[in-house]
Amino acid sequence: MTASSIQTIADIRAAMTEGLTAVEICAQYLERIAAHDGPLHAFTHVAKEHALERAASIDRRGSQDPDLPLAGVPVAVKDNICTRGLPTTASSRILEGFVAPYNATVIDRLTRAGAVVIGKTNCDEFAMGSTTEHSVSGPTRNPWDLERVPGGSSGGSAAAVAARLSPIAVGSDTGGSVRQPAAFCGIVGLKPTYGRVSRYGLLAFASSLDQISPLALTVSDAATLLQAIAGQDPCDATSAAEAVPAFDAALREPVPHPTIGVPWKILEDGVDPNVRTAFSAAINVFREQGAQIVDVPLPHATYAVPTYYVVAPAEASSNLARYDGVRFAYRAPLDAADADLTSMYNRTRESGFGAEVKRRIMLGTYALSAGYYDAYYLKAQQIRTLIRRDYNTAFERVDAVAMPTTPTPAFGLGERSDDPLQLYLGDVFTVSANLTGLPAISLPCGYVASGLPVGLQLTGRAFDEETLLRLGAGYERDAPWWRDTPPAAASTG
Amino acid sequence: MTTLKRTDVERIAALAHLDLTESETELFTRQLGDILSYFDRLQQIDTTGVPATTHPVASAPVMRADEPRPSMPRDEALANAPDPGGDGLFRVPKVIG
């Protein structure tokens, strides 16, 4: 195992057993980033010195320390997750220059497990978007086709992993922001059950939907990463007390005679025929492995997008009220003559936020405003209950619900920037997992004719990530798409 | 059919503390109007008696002992402020005219 051929956590373990140091592995990834990130712009900050120092401290401790399951493993971190001493801007002008004074719980846990934060990755501003075009530092590009979006909002994290610039990454998933870019970039993205992973130190977008989520090349790596970050945290009262199982061990046990539900009816309209073909082929792999495939109705699924786009902006409008020019980073320049507090707030927010963030703040403020609350917000929260009931009914018969992660493969840069509603409709298959809190994984499942990756999504019961990981690992054994490297990736041959 | 007027957008912008430009006000009147019209389909569903989901995974109230712990040092809390003022406080423009 040479440094240049490393792709996965297993590769890193093997290389270190053979004598490679964490510093050498870190240097290898820093070289890849220097050589390949220019056209991609997956990273907004490469933490070179910080990473090499951390790697050196792992080498001093010894990579064989059993308390370091991620010894020397580089991890790319979405720029809306606080990393002490490193920039944390959520790709927003309003946080330009902000250096986090503390670590998110996931960063402390990753550090404790021996991982090395290698850099911060680009995202849609405050995680609002599905293209990574809404970033103050410019768009990230898709490693499979540089003229296309990588998806979003965790597009930088997904592109970094797909291009082999980091073996694993963390992102945040509020309506599909990890699964959709994972699908567009041909990698694994896993949104855990709401509460499985602490949100402490994640810049809040929609607090009842946000979940920090792993991105990786393989199901096994996603499981190892989830293991490191999962579990209750006194700093996040919504983190769950449920025991965290041994995900790695679970992977070795296939699900006996699984039943997988497919909501065929909602896949009839609006799904790219090439996506449907790849999806159906993936379902056949499960069938050949002995799975029973049944039709499940999800009668309220078509209401998920409008429900989500009421709930998420409403919560965002409240969460983003804190960015007012007083405590964090940016304040708009003011004329001393007419400067008062309100004009300072209004001008700071006007010039500090980008168009999509303003659009959502407006939408959320409207939905919560006097006279509209019942018609929008309350109604959406009730429909949220109906969507959850649909899934509860399905899970009486099935172990997981399968559908494509997205109705289309990656689209062109700028192609949908003038029509926000069209862009929102692309989230049709991902938002339900956030509205219901259920865990969902996106697995690479082949390509459309033009060579762009397609994602398969499996949704599971609450706190049953194990079943998703076991089904995913079984699929991956017979369909190892992850071994294909995109044209813009670092060479690992 | 929900219609959104320019004055609605101006009222919401004031509530949200956003000084929208003329062209943004125009754009948002159209775009938010389209989005809100799309939301109208939510009214098709009868939700009589359906409880609202406020927390996606049910859980008991979380309690903890009220024990003082060290908090973030003042200089660190002020380090990211646009105008820390130099006297250990956040400085803001005049509040009362």
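**Note on a predicted two-chain model**

1. Among the contacts in chain A that join residues at least 6 apart in sequence, 76% link residues at least 24 apart. The coordinates under discussion are those of a predicted model.

2. Chain A contains 16 helices and eleven strands. Its radius of gyration is 21 Å, close to the 23 Å that the globule rule gives for 493 residues, so chain A is as compact as a globular protein of that length. Along the principal axes, the C-alpha atoms of chain A fill a box of roughly 70 × 55 × 45 Å. Of the 493 residues in chain A, 62% are buried.

3. Domain 1 of chain A comprises 3-260 + 397-483, and domain 2 of chain A covers 303-381. The centres of these two domains, taken over C-alpha atoms, are separated by 28 Å. To the contact between them, domain 1 of chain A gives 30 residues and domain 2 of chain A gives 22 residues.

4. On the side of domain 1 of chain A that touches domain 2 of chain A, the elements giving two or more residues are helix H14 (420-425) and helix H15 (431-436) of chain A. By class, that side of domain 1 has 16 nonpolar, nine polar and five charged residues.

5. The interface between the chains comes next. Here 43 residues of chain B are in contact with 57 residues of chain A. Two helices of chain B, H1 (6-15) and H2 (22-39), each supply at least two residues of the side of chain B that touches chain A. H2(B) gives the most to this side, with seven residues. Sorted by class, the side of chain B that touches chain A holds 27 nonpolar, nine polar and seven charged residues.

6. H1(B) can be described at the level of individual residues. B:Val9, B:Ile12 and B:Ala13 are buried in this helix. Viewed down the axis of H1(B), its buried residues fall within an arc of 100 degrees, so they line one face of the helix. What do the buried residues of H1(B) pack against? They pack against helix H12 (355-368) of chain A together with H2 of chain B. Just after H1(B), B:His17 adopts a positive phi of about 55 degrees.

Note on methods:
Residues are numbered from 1 along each chain as its sequence is written. Chains are lettered from A and ligands numbered from 1 in the order in which they are written. This is a predicted model: local features need pLDDT of at least 70, side-chain atom pairs count only at pLDDT 80 or more; totals for chains, interfaces and linings use all residues. Two residues are in contact if their C-beta atoms, placed from the backbone, lie within 7 Å. Helices (H or I, at least four residues) and strands (E, at least two) are DSSP runs, numbered from the N terminus. Ala, Val, Leu, Ile, Met, Phe, Trp, Tyr, Cys and Pro count as nonpolar, Asp, Glu, Lys and Arg as charged, and the others, Gly among them, as polar. The radius of gyration is taken over C-alpha atoms; the globule rule is 2.2 Å times the number of residues to the power 0.38. A residue is buried if 20 or more other C-beta atoms lie within 10 Å of its own, exposed if 12 or fewer, and partly exposed in between; C-beta atoms are placed from the backbone. The arc is that of the directions from the helix axis to the C-beta atoms. Domain bounds come from an automatic or database domain assignment.
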